[in-house]
Amino acid sequence: MKYPYMTFPDETEITHSDIRIVNGVENITVYVERPIDGGFANAFCTLPSYEWSDVTGFSTDDIALFEDIIRKGSHLIYKFARQGGFQCPHPRGSITGNRGTKFILGTGKPYPALHFTTFRGRLCRELPCSPV
């Protein structure tokens, strides 16, 4: 199963898998995909080793940026993977993943393109979230 994590204005999306136990270690695959003419640029990063595979259509600078983002958010990726994604309260159901209002995520670096889902002006991860 893939769960949404982050969407950029250029439609690049970061998603992640469920947790898989490999040799006693919790592993997650993080997927980075961007629509391009005739298909998608994509790359896969395995946590906790941060080993990249199947990199197609992204530059080394792109991968360095994505790795920085993934490293800084790995605790959330693991948390959401344990919960089966993230879901936030909504009066008519739920806002899940990258839908809804977008919030610029501060990372200490100039990443003006990063967004995170919010509900009623608050980050979803600050709301009482529950498994999907």
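The expected span of a helix is taken as 1.5 Å times one less than its number of residues, and helices (H or I, at least four residues) and strands (E, at least two) are DSSP runs numbered from the N terminus. The structure is a predicted model, in which local features need pLDDT of at least 70 and side-chain atom pairs count only at pLDDT 80 or more, whereas totals for chains, interfaces and linings use all residues. Residues are numbered from 1 along each chain as its sequence is written, and side-chain values use heavy atoms, with hydrogens and water left out.

Helix α1 has 24 residues and reaches 32 Å from its first C-alpha to its last, close to the 34 Å expected at 1.5 Å a residue. At Gly73 the helix bends by about 65°, the bend being the angle between axes fitted to the seven residues ending there and the seven starting there. Ser74 also belongs to α1, which covers residues 60-83, and this serine counts as buried because its relative accessibility is 15% (buried means under 20% relative accessible area, exposed over 50% and partly exposed in between, with a 1.4 Å probe and protein chains only). Apart from neighbours within four places in sequence, Ser74 is in contact with Leu47 and Tyr50, where contact means heavy atoms within 4.5 Å.

Strand β1 (residues 3-7) is largely enclosed by the rest of the structure, because four of its five residues are buried. Over four bridges, β1 pairs in the antiparallel sense with strand β2 (residues 13-16), pairing being assigned if DSSP finds at least two bridges between two strands. The two strands form a hairpin with five residues between them, and Glu11, in the loop between β1 and β2, has a positive phi of about 75° although it is not a glycine. Asn23, in the loop between β3 (20-22) and β4, likewise has a positive phi, of about 55°.

Leaving aside neighbours within four places in sequence, the contacts of Trp52 include Val32, Phe44, Ile63 and Phe66. Leu47 is joined to Pro48 by a cis peptide bond with omega of about 10°, and Pro48 is found in the loop between β5 and β6 (51-56).
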